[in-house]
Amino acid sequence: MEKKSPHILNASSNLLGFSLIIMTSLKIAKISQNTHLDEFAGLASIFFACSCFFSFLAIRTKTEKREYTFESIADYLFLIALFCIVLAVIIVSLKII
């Protein structure tokens with residue numbers, strides 16, 4: 001089985017930065033009170049950070065069983081965070097239209 005942990009770590013860390021930029025720009029523009037966009041971006045940030053953590057653990061562990069467990073956890077957390085980002089994009093799209 002191909003190891004996905006390095007790919008998850010790379011994608012999660014990049015999207016974590018994207019989520020933090022969303023939250024920062026909402027705070028600067030003072031529009032975070034009007035939408036739930038900052039809540040979704042905040043949840044995504046937490047899930048991406050946890051996904052980074054577990055994928056790093058999967059890379060560094062020596063036990064194959066633990067590696068698979070950590071990689072699976074990181075994968076699911078990444079999927080949940082990606083769903084939060086999709087919801088944030090939908091909110092932005094609906095506000096623009």
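The legends below describe close-up views of one predicted model.

The model is predicted: local features need pLDDT of at least 70, side-chain atom pairs count only at pLDDT 80 or more, and totals for chains, interfaces and linings use all residues. Residues are numbered from 1 along each chain as its sequence is written, and side-chain values use heavy atoms, with hydrogens and water left out.

**View 1**
Helices (H or I, at least four residues) and strands (E, at least two) are DSSP runs, numbered from the N terminus. Along the sequence the pattern is α-α-α, and the C-alpha trace spans about 50 × 20 × 15 Å along its principal axes. Buried residues make up 33% of the 97 residues; buried means under 20% relative accessible area, exposed over 50%, and partly exposed in between (1.4 Å probe, protein chains only). Of the contacts (heavy atoms within 4.5 Å) with a separation of 6 or more, 73% are between residues 24 or more positions apart. The UniProt record, an unreviewed entry, annotates residues 7-28, 40-61 and 73-94 as "transmembrane region"; such annotations may be inferred rather than shown by experiment, feature names are shortened, and positions are given in the numbering used here.

**View 2. Helix 1 covers residues 5-29.**
Its 25 residues reach 36 Å from the first C-alpha to the last, close to the 36 Å expected at 1.5 Å a residue; the expected span is 1.5 Å times one less than the number of residues. Buried residues in helix 1 include Ser5, Ile8, Ser12 and Leu16. Just after the helix, Lys30 takes a positive phi of about 55 degrees.

Ser19 counts as buried because its relative accessibility is 0%. Apart from neighbours within four places in sequence, Ser19 touches Ala41, Ala44, Ser45, Phe48 and Ile85. Ser51 also has 0% relative accessibility, so Ser51 counts as buried. With neighbours within four places again left aside, the contacts of Ser51 are Ile8, Ser12, Ala74, Leu77 and Phe78.

**View 3. A search of the whole structure finds three salt bridges.**
A salt bridge is a side-chain nitrogen of Lys or Arg within 4 Å of a carboxyl oxygen of Asp or Glu. Glu67 and Lys3 meet at 3.3 Å, N to O; Glu67 is in helix 3 and Lys3 in the segment before helix 1, 64 residues apart. Glu67 counts as buried at 14% relative accessibility, whereas Lys3 counts as exposed at 52%. Lys4 pairs with Asp75, the closest N and O atoms being 3.1 Å apart. Lys4 lies in the segment before helix 1 and Asp75 in helix 3, so this pair ties together parts 71 residues apart in sequence. Lys27 and Asp38 meet at 3.9 Å, N to O. Lys27 is in helix 1 and Asp38 in helix 2, so parts 11 residues apart in sequence are tied together.

**View 4. Val86, Ile90 and Leu94 form a nonpolar patch on the surface.**
Together they have about 280 Å² of accessible area, by the Shrake-Rupley method with a 1.4 Å probe; for residues, only the protein chains shown count as cover. Patches are made of residues with over 30% relative accessible area and no salt bridge; like charges are joined within 9 Å, and nonpolar side chains (Val, Leu, Ile, Met, Phe, Trp, Tyr) within 5 Å. Ile90 belongs to helix 3 (residues 64-96) and counts as partly exposed because its relative accessibility is 42%.
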